[in-house]
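Please view the sequence and the model before reading on.

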Amino acid sequence: MTILPPDPDLQALRLELARLRAARGWSYDELAARSGLARRTLIEIEQGRTVGTLKTWHALAHALDTPFDELFGRLCHGHDLPGPDLD
């Protein structure tokens with residue numbers, strides 16, 4: 001029997017990106033300058049037209065000074081994170 005993992009919550013990840021950018025008061029242009037990514041790429045990610053690559057998200061995490069694992073933890077919004085249950 002194959003057990004499939006839950007679908008990642010890409011909307012939660014996009015919303016976290018928008019929240020982090022807004023919390024810093026940064027425009028798309030500011031985040032683009034700090035991350036080395038194109039402004040258009042940032043807009044397309046936040047609006048859900050593209051997911052972005054791991055390299056893209058790595059650059060965003062560094063630009064936003066946010067741990068990569070915390071940022072990507074948003075993908076599990078609505079379901080348990082993978083790994084051992086330490087209760």
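Helices (H or I, at least four residues) and strands (E, at least two) are DSSP runs, numbered from the N terminus. The model is predicted, so local features need pLDDT of at least 70 and side-chain atom pairs count only at pLDDT 80 or more, while totals for chains, interfaces and linings use all residues. Residues are numbered from 1 along each chain as its sequence is written, and side-chain values use heavy atoms, with hydrogens and water left out. The structure holds 5 salt bridges, a salt bridge being a side-chain nitrogen of Lys or Arg within 4 Å of a carboxyl oxygen of Asp or Glu.

**The network around Glu-16**

- A network of salt bridges links Glu-16, Arg-19 and Arg-74.
- Arg-19 pairs with Glu-16 at 2.8 Å, N to O; both residues belong to helix H1 (residues 10-23) and lie 3 residues apart, about one turn of the helix.
- Arg-74 also forms a salt bridge with Glu-16, with 3.5 Å between the closest N and O atoms.
- Arg-74 lies in the segment after helix H5 (68-72) and Glu-16 in helix H1, so this pair ties together parts that are 58 residues apart in sequence.

**The Arg-21 and Glu-46 pair**

- The side chains of Arg-21 and Glu-46 form a salt bridge of 2.8 Å, N to O.
- This pair links distant parts of the chain, with Arg-21 in helix H1 and Glu-46 in helix H3 (residues 39-46), 25 residues apart.

**Accessibility**

- Buried means under 20% relative accessible area, exposed over 50%, and partly exposed in between (1.4 Å probe, protein chains only).
- Glu-16 is buried at 9%, whereas Arg-19 is partly exposed at 43% and Arg-74 is partly exposed at 35%.
- Arg-21 is buried at 13%, and Glu-46 is buried at 15%.
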